[in-house]
Amino acid sequence: MIVTDETDRHAGAQLSQKAFLLVSLLEQQVQQSTIPPALYQQLSAQITELNSVLGDLRLHMKVLGAPAAAPLPTPAQPAPLLVLNERSFTLSSPQQSVSLTKLEFNFHQVLARHPKQIFSRSQLIDSSYTDFKDINERTVDCHIRKLRAKHRQLYPKLRFIHTMYGVGYYYAEPESTVVQK
């Protein structure tokens, strides 16, 4: 296949070139065939229309392949309040750090990777327990309670893990720190 310019390197442009090739082959077949003149005129008109549509498609593909305007600078993201260290199973704030058990670490990791997504107790069990022994769903409540206590060691007035009663738990970092008197 011949690449005519930089925008034709795009997969959609290559597809467009293939379509042009197929239409031209169809046009040759129609011209060489012995079909009635009325049908020949109808097929020729449809091939011309198809070529026009393909030309429009090629223009749109070139516009899509054109370099975009410089992206607007994104505002600087504030540093996260909690940092999870996978090597040492610790959770840190800028001031201090706390150790987590493997299950607490897994629960925090699952919840924090999907903020504001609600996880049922059984989903948390499935994501964190490798051996499916007889595990009570209330065991998750105990681990979440201990994880929340460790969060409070780092930030006494902030809450990171929330409960959706009757459904499960979700993670959400506080949007702004509220100063309490």
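Trainee: Leaving aside its neighbours within four places in sequence, which residues is Asp141 in contact with?

Mentor: Asp141 is in contact with Arg121 and Tyr169, once neighbours within four places in sequence are left aside. Contact means heavy atoms within 4.5 Å. Before going on: this is a predicted model, in which local features need pLDDT of at least 70 and side-chain atom pairs count only at pLDDT 80 or more, while totals for chains, interfaces and linings use all residues. Residues are numbered from 1 along each chain as its sequence is written, and side-chain values use heavy atoms, with hydrogens and water left out.

Trainee: Where does Asp141 lie, and why does Asp141 count as buried or exposed?

Mentor: Asp141 lies in helix α5. Helices are DSSP runs of H or I with at least four residues, strands are runs of E with at least two, and both are numbered from the N terminus. For accessibility, buried means under 20% relative accessible area, exposed over 50%, and partly exposed in between, with a 1.4 Å probe and protein chains only. Asp141 has 17% relative accessibility, so Asp141 counts as buried.

Trainee: What makes the pair of Asp141 and Arg138 a polar contact?

Mentor: The side chains of Asp141 and Arg138 are joined at 2.8 Å. A polar contact is a pair of N or O atoms within 3.5 Å; within protein, one must be able to donate a hydrogen and the other to accept it, and residues adjacent in sequence count only if both atoms are side-chain atoms.

Trainee: How is Thr139 classed, buried, partly exposed or exposed?

Mentor: Thr139, also found in helix α5, has a relative accessible area of 29%, so Thr139 is partly exposed. The C-alpha atoms of Thr139 and Arg121 are separated by 8.9 Å, and the two residues are 18 apart along the chain.

Trainee: Which residues of α4 are buried, and why are they said to be on the same side?

Mentor: In α4, residues 121-128, the buried ones are Arg121, Leu124, Ile125 and Ser128. They cover an arc of only 100° around the axis, which puts them on the same side of α4. The arc is that of the directions from the helix axis to the C-beta atoms. In general, an α-helix has 3.6 residues a turn, so residues three or four places apart point the same way. The buried residues of α4 pack against α3 (102-113), α5 (137-154) and β5 (168-171).

Trainee: What describes the packing of α3 and α4?

Mentor: Their axes are 10 Å apart, at an angle of about 115°. Axes are lines fitted to C-alpha atoms, for helices over the stretch in contact, and angles run from 0 to 180 degrees between N-to-C directions. Leu103, Asn106, Phe107, Val110 and Leu111 in α3 meet Leu124, Ser127 and Ser128 in α4. The residues of this contact divide into five nonpolar, three polar and no charged. Nonpolar covers Ala, Val, Leu, Ile, Met, Phe, Trp, Tyr, Cys and Pro; charged covers Asp, Glu, Lys and Arg; the others, Gly among them, are polar.

Trainee: What makes the phi of Lys116 worth a remark, and why is Lys116 called exposed?

Mentor: Phi of Lys116 is near 65°, a positive value in a residue other than glycine. Most residues other than glycine have a negative phi. Lys116 sits in the loop between α3 and α4. Its relative accessibility is 56%, so Lys116 counts as exposed.
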